[in-house]
Amino acid sequence: NDIHITINMVGLIPKNKMVRRSGANINDNLYVSGCIGDSALGLSILDDVSLASNLSAISKNYLIDSYYLPDPPIDMIRVINDFATSSMDVSDGLLGDIKLLIKSSSVSAKINLKKIPVSLPANELINNHTFLFQKAINAGDDYQVLFTADSAKRGIISKTVKSLGVKISKIGKIRSGLHKSEILDQKGKKTAIKDNGYYHNF
């Protein structure tokens, strides 16, 4: 008796304004919009309500609502059109989507886990169950925007997003494809995290 609804949305972009995932340049900054992991952690609570036993009701409801009612940052359109060298949505897990972007651009990346934006409710849950941080950055359903931009434009980008009322975070740097990508932990040391993002098979 379940009802399943599929919606396809098609839009138009200005001529020569298509920003692909294949345009990242060496020394570009790597950004992500919004916060990462809220939806995934909301689903985790729905799967195992005991995870939220020490979580405030406000935080619990926020995370669950993030799963049921995603709020993609539509106002990021101007930022992407004006400044991004490459861009893609974050829906299959942040680390996995970064991997797709740098592969398409034939570059590598240096990623700082400490800079990945996590909401206060998500942080509250992760403090109680530290293993959920890896789920937050891998599970997906974030519907945020991953993009790269010339590091020289960091100032004007910051002013623009402030005027638009959207949040972005610089989470890394693009490097030559001759180097292996690096992930730095909370203390700035190299670490290895398995990419458990979702991959489409066609």
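Helices α1 and α2 are roughly perpendicular to each other, a term for angles of 65 to 115 degrees. This is a predicted model, in which local features need pLDDT of at least 70, side-chain atom pairs count only at pLDDT 80 or more, and totals for chains, interfaces and linings use all residues. Residues are numbered from 1 along each chain as its sequence is written, and side-chain values use heavy atoms, with hydrogens and water left out.

**First stop: α1 and α2**

Select α1 together with helix α2, residues 57-68. Helices here are DSSP runs of H or I with at least four residues, and strands are runs of E with at least two, numbered from the N terminus. The two helices pack at an angle of about 110°, and their axes are 7 Å apart. Axes are lines fitted to C-alpha atoms, for helices over the stretch in contact, and angles run from 0 to 180 degrees between N-to-C directions. On the α1 side, show the residues that meet α2, among them Leu41, Gly42 and Ile45; on the α2 side, those that meet α1 include Tyr62, Leu63 and Tyr67. Contact means heavy atoms within 4.5 Å.

**Second stop: α1 and α5**

Asp38, Leu41 and Ile45 of α1 meet Ala122, Leu125 and Ile126 of α5.

Within helix α1, select Ser44. At 4% relative accessibility, Ser44 counts as buried, that is, under 20% relative accessible area with a 1.4 Å probe and protein chains only. Leaving aside residues up to four places away in sequence, Ser44 touches Leu51, Leu132 and Lys135.

**Fourth stop: an aromatic pair**

Rings of Phe, Tyr and Trp (its six-membered ring) pair if their centres lie within 6.5 Å, and the count comes to two aromatic pairs. Select Tyr31 and Phe147, a stacked pair with 4.9 Å from centre to centre and 15° between the planes; stacked means planes under 30 degrees apart. Tyr31 lies in strand β1 (residues 29-33) and Phe147 in strand β4 (residues 144-149), so the pair ties together parts that are 116 residues apart in sequence. Both Tyr31 and Phe147 are buried.

**Last stop: Asn8**

Finally, select Asn8 in the segment before β1. At 70% relative accessibility, Asn8 counts as exposed, which requires over 50%.

Note on methods. Rings of Phe, Tyr and Trp (its six-membered ring) pair if their centres lie within 6.5 Å; planes under 30 degrees apart count as stacked, over 60 as edge-to-face and the rest as tilted. Angles under 35 degrees count as roughly parallel, over 145 as roughly antiparallel, 65 to 115 as roughly perpendicular and the rest as oblique.
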